[in-house]
Amino acid sequence: MRETTMKKIGLVGGISWVSTIDYYRFINEGINEKLGGLNFAECIIYSLNFDDFQRNNTAGNWDATFLLIAEACESLKKSGAEAIVLCANTAHAVAERIERQIQLPIIHIATVTANEITKQGIKKVGLIGTKFTMEMDFYKDKLKENNIESIVPAHQDVRDFIQKTVKEELGRGIVNTETKKAYISIINELIANGAEGIILGCTEIPMIINQEDVSVPVFDTTKIHANAAISFALS
């Protein structure tokens with residue numbers, strides 16, 4: 001029987017564990033769809049403590065976030081990982097810095113999402129995610145490099161609401177009907193302001209919002225990122 005060769009992927013998960021399960025499932029299902037039989041992904045998961053990650057970010061201590069994730073990545077590298085997948089959009093605030101340190105490719109979630117947006121010929125998108133993803137430049141700059149304009153909810157209280165519900169509900173696996181209605185209203189306002197597509201820029205948001213809820217194309221970053229990991233593994 002011919003041996004199947006694939007590259008080994010290192011997943012930095014736990015941020016949150018809920019979406020890490022989705023990554024693991026999507027990647028394994030995708031590998032099996034491509035190769036059939038009993039072929040599944042060769043991957044290693046380093047699951048961080050979500051509370052450590054959130055506490056550092058909330059305090060604005062991105063050096064601590066960098067050290068936390070870099071340590072996980074170094075462990076994955078020592079275990080044989082040939083590329084890293086950070087299983088959270090917010091974690092990519094330190095992705096390029098980590099990539100330089102560990103000397104392994106990091107499959108950047110904003111880059112692969114931008115590629116998918118470009119394929120659809122969309123030039124302006126609405127971005128919802130953690131307040132860090134919405135308010136910092138690391139994500140929007142990657143979109144801008146691909147000639148994609150991004151807009152986020154204009155009001156601080158709306159961005160704070162998304163942050164709170166991601167942390168206290170979705171990050172714990174809780175799906176609330178009222179929260180879903182609020183998200184749809186926020187998205188519709190972005191569409192009214194010219195968004196031709198919507199980035200679900202937090203890997204937990206697809207738990208509560210999908211394409212059926214939205215009148216323009218939705219970009220599920222968890223699935224897009226997982227597909228990019230599959231392509232790397234089989235390259």
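Let us start at a single side chain: a polar atom of the His92 side chain lies 2.9 Å from the backbone oxygen of Ala88. That is a polar contact, meaning a pair of N or O atoms within 3.5 Å, where within protein one must be able to donate a hydrogen and the other to accept it, and residues adjacent in sequence count only if both atoms are side-chain atoms. Before going on, please note that this is a predicted model, in which local features need pLDDT of at least 70 and side-chain atom pairs count only at pLDDT 80 or more, while totals for chains, interfaces and linings use all residues. Residues are numbered from 1 along each chain as its sequence is written, and side-chain values use heavy atoms, with hydrogens and water left out.

Where does His92 sit? His92 is found in the loop between β3 and α4 (95-102); helices (H or I, at least four residues) and strands (E, at least two) are DSSP runs, numbered from the N terminus. His92 counts as buried because its relative accessibility is 2%. Here buried means under 20% relative accessible area, exposed means over 50%, and partly exposed lies in between, using a 1.4 Å probe and protein chains only. Leaving aside residues up to four places away in sequence, His92 touches Leu86, Ile107, His108, Ile109, Phe138 and His225, a contact being heavy atoms within 4.5 Å.

Leu86 in β3 is the bridge partner of Val12. Strand β1 (residues 9-13) pairs with β3 in the parallel sense over 4 bridges; two strands are said to pair if DSSP finds at least two bridges between them. In general, strands of a sheet pair through backbone hydrogen bonds, either parallel or antiparallel. This open sheet has 3 strands in the order β2-β1-β3, with parallel pairing. Its edges are β2 (43-47) and β3 (83-86), each of which pairs on one side only. On average, neighbouring strands of this sheet are turned by 20° against each other, direction ignored. Helix α1 (residues 17-35) packs on the sheet, where it touches β1, β2 and β3, and its direction makes about 180° with that of β2. For such angles, axes are lines fitted to C-alpha atoms, for helices over the stretch in contact, and the values run from 0 to 180 degrees between N-to-C directions.

Helix α1 also carries charged side chains. Asp22 and Arg25 meet there in a salt bridge (3.3 Å, N to O), the term standing for a side-chain nitrogen of Lys or Arg within 4 Å of a carboxyl oxygen of Asp or Glu. Asp22 and Arg25 are separated by about one helical turn, because they are 3 residues apart in helix α1. Asp22 counts as buried at 18% relative accessibility, whereas Arg25 is partly exposed, with a relative accessible area of 39%. Glu29 joins in as well: Asp22, Arg25 and Glu29 are linked in a network of salt bridges.

How many salt bridges does a search of the whole structure find? The count is 11. Among them, the side chains of Arg55 and Asp51 meet at 2.5 Å, N to O. These two are 4 residues apart in helix α2 (residues 50-58), so about one helical turn separates them. Arg55 is partly exposed, with a relative accessible area of 48%, and Asp51 is partly exposed too, with 46%. Another salt bridge brings together the side chains of Asp160 and Lys131 (3.5 Å, N to O). This pair links distant parts of the chain, with Asp160 in helix α8 (residues 156-168) and Lys131 in helix α6 (residues 131-135), 29 residues apart. Asp160 counts as partly exposed at 31% relative accessibility, and Lys131 is partly exposed with a relative accessible area of 23%.

Now turn to strand β4 (residues 124-129), which is largely enclosed by the rest of the structure because 5 of its 6 residues are buried. β4 runs parallel to strand β5 (residues 149-151), joined by 3 bridges, and Val125 has Ser150 in β5 as its bridge partner. β4 also pairs with strand β6 (residues 197-201) in the parallel sense over 5 bridges, where Gly126 stands opposite Ile198.

Finally, let us step back to the whole chain. The protein chain is divided into domain 1 (9-108 + 224-234) and domain 2 (110-221), with bounds that come from an automatic or database domain assignment. The centres of the two domains, taken over C-alpha atoms, are separated by 20 Å. Across the boundary, 23 residues of domain 1 are in contact with 27 residues of domain 2.
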